[in-house]
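Please open the model in your viewer and follow the selections below in order. Each stop states what to select and what is to be found there.

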Amino acid sequence: MLGSERGVVEEWLSEFKALPETQISSYAATLHRKKTLVPALYKIIQDPNNELLEPVCHQLFELYRSSEVRLKRFTLQFLPELIWVYLRLTASRDRQSNGCIEALLLGIYNLEIADKDGNNKVLSFTIPSLSKPSIYHEPSTIGSMALTEGALCQHDLIRVVYSDLHPQRETFTAQNRFEVLSFLMLCYNSAIVYMPASSYQSLCRMGSRLCVSGFPRQHEKRWKERCGRVVLDPDFMVQLLTGVYYAIYNGQWDLGQEVLEDIIYRAQLELYSQPLLVANAMKNSLPFDAPDASQEGQKVLKVEVTPTVPRISRTAITTASIRRHRWRREDPVGNGSGVSGGEVYSFQTPKCSSKMAELASELAQTPGQSVAPDHFKCPEKTAKTPQSSKRSGSNKVQQRSKKKEFLSTTPYRLRKRLAAPDSCLESESEYSASCSEEDDEEDQQEVSTVLSGQKTPAKAAAAATSPPRNTLAKKIKEEKMSNLVEEYFEAHSSSKVLTSNRTLQKLQTRRLNQKTLHDLLKKAPLAYAAEMKKLSQQHESLFSKWMLQLHLGFNIILYGLGSKRDLLEKFRTSVLQDSAHLVVNGYFPSITVRSILNSITEEVLDHIGSFRSPLGQLEFIHKRFKEDASLELYVLIHNLDSQMLRGERSQQILAQLSSLPGVYLIASIDHINAPLMWDQAKLRLYNWLWYETTTFNPYVEETSYENSLLGQQSGSLALSSLTHVLRSLTLNARGIFRLLARYQLENKDNTSYPGLSFQDFYQQCREAFLVNSDLTLRAQLTEFRDHKLIRTKRGADGVEYLLIPVDDSTLTDFLEKEDEDV
């Protein structure tokens, strides 16, 4: 970091601490003029080892909890970068460098989940009705003339959806991490119209890196820092897509499209239905060219609304429509000018929201009351008490029903999303559109004046003499909340992070090895064995039907609860004994489409040579099967929806392979969202016939390559996994891995051995003529990481060390077996 940038940050830290309370507003207005401050803060946040990171996080938190909204937005612009750094450090298990960022994120979350009174917020939104015009439709343009206003009013069902309360969090855990981060992204999206262009760029970079890190697509990116695979949550990805969609239309056309493709790529690998559907909908709705960004200040999408027809047919006027439009009457008492409810009550304030709702409901239902049109002018206001009309038989039930009718107004979040940012909106509240805090107090006095004219004298006197309820309790709760936030941030701002030493190694019953665990599970009695055998016999009776349908041009897909490996194996041994067939174990961690095509070209077609790409290999297979009509090949794929085969490119090649004449495909799927892998084009190529084959058999073979907390991943299983994975790699890759394994065994007696540094490893590989550049070695190490063959970590000196996460005995057996093969 340059000295000038460091000086700018230190000056920013010192000037806010010495700032008096009266100058905070003027300071917030001039903060955006410091052009060099924001890039310098980004550099500090990106460097977890920077000594200025902790005071910067503390300063950002102080800005966020201040009463000035512009300072709050200044902190929010760094939220995407803070989330990226936090998740990157969490994936690398570097918790010590993560303490101050974690405390800042939790502090913002705990401030946002509570209102000014200390009560938890409840998020809500209203599902609109077809009888109300919106930016997407006009009621007069829907369908035929039979859809009159009266008919639409019959379907005017107001549905308000509420979210659950968000509890306070004292620390991040694996269970609540993305619940907190999703809520923070929701807060960022609610203020995204005020964010600068640098924040949009940071948002797009965060999305790409989170979705691609640790996957093969990462090789196509030109990033300086590398990161391990980050676990993502579908709700967090949906919130990320909301911000990305706005960034695409506001100056980040190229970056936004790139991150959109990366999110689709990750959602396809994880089979997350929600982000996959939202991202594809966004992708299909994008225009061919970038939107016109020549007009500055536009922060919303352009939507053309058809002008409403001013005439109302006589047959369309009903009792409901008259009652609904009663507020449009002319003022019988004033100057004769009609005042609509939208002109009188065009704002909402949180301090008197319920009273304003009650007042608006009363005036909307009472024709004898009116309000002067200059009643709410800013800053001078004159309160005018409406004339009270005579009532008979009014009760509380009618008032409640009127309040419910008022809920049918347009939701505020939709209005905020469509409206351009207003410079007058500087209050801390979301709903406040008044010009100052004095206006809010005057509004509250006016509402109390209006409502007091509609009370009986006895009730008015009682209301004047009785003190307000829960005032003392609210003050105590606010003080406790303020103290709790300060104590929380001070407790988490230190660099010392206390972790528990309760690990699995401390248990009295140690973890079993894989063979012992397998033997114990095998001895366990199998419940419902007779019923499961009967189910299997029912499925086996369909073998002849499957063969007929395969020869008729269909492919078979099996789904249902339980492993279908034994069922497909019985089909292979009983029906396909005399036919050429290929069995693909999709659950194998190193299976690829290229290895499947290699097996067909080498084993079935007896081709000697290599191909430039899988598409060229597929063309060769298509040509051979088209030339020789006698060729037949049955392909059995276990777990077609496995993580290694569920990519779009892999599924496209397999779909084209299954459509070839003479190739018959029968496969099994187990993921509940597996059909989301295929669009209409792939489904047409696959031409599936679906069979529900529930077996209730355990997934023994399918999960044999997964790490288990019950058993140790060592012994013969780990050895076989190493052998199978390395046999699919090149000779140079196997030599690189053997060199690292030998060096690790030579230092097995050294208890403080951190691993082999990357530079030393590169020199040894170069001397052995295994690589010609460090880029080649890094690409090979990335492939090792994908197969979980090696593990990297950074030492205290910042050097990257390489380590094989296998015990020494297994590693020795592996090298002996490799030497025998060589």
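Contact here means heavy atoms within 4.5 Å; helices (H or I, at least four residues) and strands (E, at least two) are DSSP runs, numbered from the N terminus. This is a predicted model, in which local features need pLDDT of at least 70 and side-chain atom pairs count only at pLDDT 80 or more, while totals for chains, interfaces and linings use all residues. Residues are numbered from 1 along each chain as its sequence is written, and side-chain values use heavy atoms, with hydrogens and water left out.

Next, select H23 itself, residues 529–540. Its 12 residues reach 16 Å from the first C-alpha to the last, close to the 16 Å expected at 1.5 Å a residue; the expected span is 1.5 Å times one less than the number of residues. Met 532, Ser 536 and His 539 are buried in this helix. Seen down the axis of H23, the buried residues fall within an arc of 60 degrees, so they line one face of the helix; the arc is that of the directions from the helix axis to the C-beta atoms. The face turned away from the buried side carries the exposed residues Ala 530, Lys 533 and Lys 534. Buried means under 20% relative accessible area, exposed over 50%, and partly exposed in between (1.4 Å probe, protein chains only).

Now select Leu 576, in the loop between H25 and strand S5 (581–585). Leu 576 is buried, with a relative accessible area of 0%. Not counting residues up to four places away in sequence, Leu 576 touches Met 547, Phe 571, His 581, Tyr 634 and Leu 636. Although Tyr 634 lies 58 residues from Leu 576 along the chain, their C-alpha atoms are separated by 8.0 Å.

Finally, select strands S11 (residues 791–794) and S12 (residues 800–803), which run antiparallel and are joined by 4 bridges. Two strands pair if DSSP finds at least two bridges between them. Thr 792 has Leu 802 in S12 as its bridge partner. The two strands form a hairpin with 5 residues between them, and Gly 798 in the turn has a positive phi of about 85 degrees.
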